[in-house]
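Subject: Structure handover

Hello,

The sequence and the structure are just below. My notes on what was found follow.

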Amino acid sequence: MYLQAWIKRWLIVAWIGLLMIAICSGGFLWNDHLQGQREDSGYVINRARLQVSEIMHYLEQHGQEIANSVEVRDALLNMSKESQVSFVYTGLDGRVLFNASSDTELQQIDVKTGLHYDLYQARMDQDHFRIAFPVVAGAAQAQTQVGNAIFMLPVEDVFVPKTNGALYLLLATIVVIVMILCISLLLLTRKIKQDVLIPVHQLKDYSEAILKGNYEPKATYDEMNEFGEVHTMFEQMRMEIQHLSRRREEQEQAQKELITNISHDLKTPLATLKAYIEAMREGVCPDMDTVMEYARVMYSNTEKMARLTDDLLLHALKELGQISVTLKERYSKELLESILQPIAHYVRTTGVHFIEPTDIPNVLIHLDGHRLEQVVSNLITNALKHTEPGDTISVNTELEQGKLKITIADTGRGILPQDMPFVFERYFQGKTDRGSGTEGSGLGLSICKYIIEAHHGTIFFRSIEGQGTTFYCLIPL
């Protein structure tokens, strides 16, 4: 489960719990409010009047006979005993006419201070109230007050006994909710620890390992949530950094090998030049034909060193992003003829047949003549490395879908299938079927690709092992 969904559910539970606690607290306050309303209203007075209604009814009928009738007094005593209510009956002047209470010495009551018709002034102590009710007698139209009945009532007869069941239920509900919230908080703490803190510490350890150059530890995470996605992206980043590190190490190693190879490749023609020059200085050449033969060999080795030096320079400029390609409007026929003529002569001197294009399209294109010459020269030189005397190298030019197509094909050994994906990679030198490395720096085809793409064109090839290779260069008109 995603942490966002889990935390959302937890928050819903927490908010519901807090809302229920607020409702229960409101229930407590409302109950206290109702109790206060009951005490402040006339409800309790009415309840007290209901408790003594029988005695009051009898007093209203026979109150005027109390002083002269023993039967009336005995009836009131019996009613007081049966209802367990003590009371005193007084006249309007406060003189006690009947006393059913335990206070037998009470003879007179001050009507100004001793009669209490409201609840709070009638309170005697914590458990009893002394409530006075006027006794009214006479016909309905001519009722007059004849006396006062003062009742001593216990609290339970005045107030309705408080029922605490609802309060206990509210309290129990609050306790349960608080327990649920505590358990949810513990679960949240555990969830944060397991799904947030521990993964963060793991990522910290992985990061430290990467900073130290150790790319082997894998950032694994079992669940698919936010941190699972972070671990997945971190693992992809680790693999990318590991790949780039390996590529950097391979390039550094290839650069070292390149320097070694170029040093070796330059050393051989330099040694040859030195030997031929010394031979000519010592007079070893007996005639002009021998001198010309020596000069041809020296020229061939000079050309080889020039190509190696040019490749190395272009590679350095490419690394710095400084290979300048200046595109100008040029007609293709004249330019290609000037490029192919000296190359054709050189190829034929190696014993390889060279077939020039029969008809070069004369179209206007944007190109850098010097860079295009480097591309054609590199591709033909690369073909010479894979051919033997008697093989053929052919160049053809044609128009194809608004582009000038230059085709350079050879009938040499071809490219091994396992080498084809890496032909345009820097420093890559293909292997022959005999397992030995081909002559060269491994930079020529990489530079060709860079120059052609700078002309907004494309370069690709087809090759069959043992039958030859064909390179295609397409340059927009």
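In these notes a residue is buried under 20% relative accessible area, exposed over 50%, and partly exposed in between (1.4 Å probe, protein chains only). This is a predicted model, in which local features need pLDDT of at least 70 and side-chain atom pairs count only at pLDDT 80 or more, while totals for chains, interfaces and linings use all residues. Residues are numbered from 1 along each chain as its sequence is written, and side-chain values use heavy atoms, with hydrogens and water left out.

Overall

The chain has 477 residues, and 37% of them are buried. Its secondary structure comes to eleven helices and eleven strands; helices (H or I, at least four residues) and strands (E, at least two) are DSSP runs, numbered from the N terminus. A contact means heavy atoms within 4.5 Å. Among contacts between residues at least 6 apart in sequence, 64% join residues at least 24 apart.

Two strands pair if DSSP finds at least two bridges between them. E1 (residues 86-90) and E2 (residues 96-99) run antiparallel and are joined by three bridges, with Val88 partnered by Asn99 of E2. The hairpin of E1 and E2 has five residues between the strands, and Gly94 there takes a positive phi near 95°.

E1 also pairs with E4, in the antiparallel sense, over five bridges; Phe87 stands opposite Phe151 in E4. E3 (residues 128-137) and E4 are antiparallel too, over ten bridges, and His128 has Pro154 of E4 as its bridge partner. Nine of the eleven residues of E4 (residues 144-154) are buried, so the strand is largely enclosed by the rest of the structure.

Thr90 belongs to E1 and counts as buried because its relative accessibility is 0%. Leaving aside neighbours within four places in sequence, its contacts are Arg95, Val96, Leu97, Ile109, Gly147, Asn148 and Ile150.

Helices

In H3 (residues 53-62), the residues Ile55, Met56, Tyr58 and Leu59 are buried. They cover an arc of only 160° around the axis, so they sit on the same side of H3; the arc is that of the directions from the helix axis to the C-beta atoms. In H11 (residues 444-454), the buried residues include Ile447, Ile451 and Ile452. Just after H11, His456 takes a positive phi of about 65°.

Salt bridges

A salt bridge is a side-chain nitrogen of Lys or Arg within 4 Å of a carboxyl oxygen of Asp or Glu. By this rule the count is eight.

- Lys204 and Glu208 meet at 2.9 Å, N to O; both lie in H6 (residues 165-211), four residues apart, about one turn of the helix.
- Arg296 and Glu293 have their closest N and O atoms 2.7 Å apart. Both lie in H8 (residues 288-319), three residues apart. Arg296 is partly exposed at a relative accessible area of 45%, and Glu293 is partly exposed at 38%.
- Arg348 and Glu356 have their closest N and O atoms 3.3 Å apart; Arg348 is partly exposed at 41%, and Glu356 is partly exposed at 35%.

Regards
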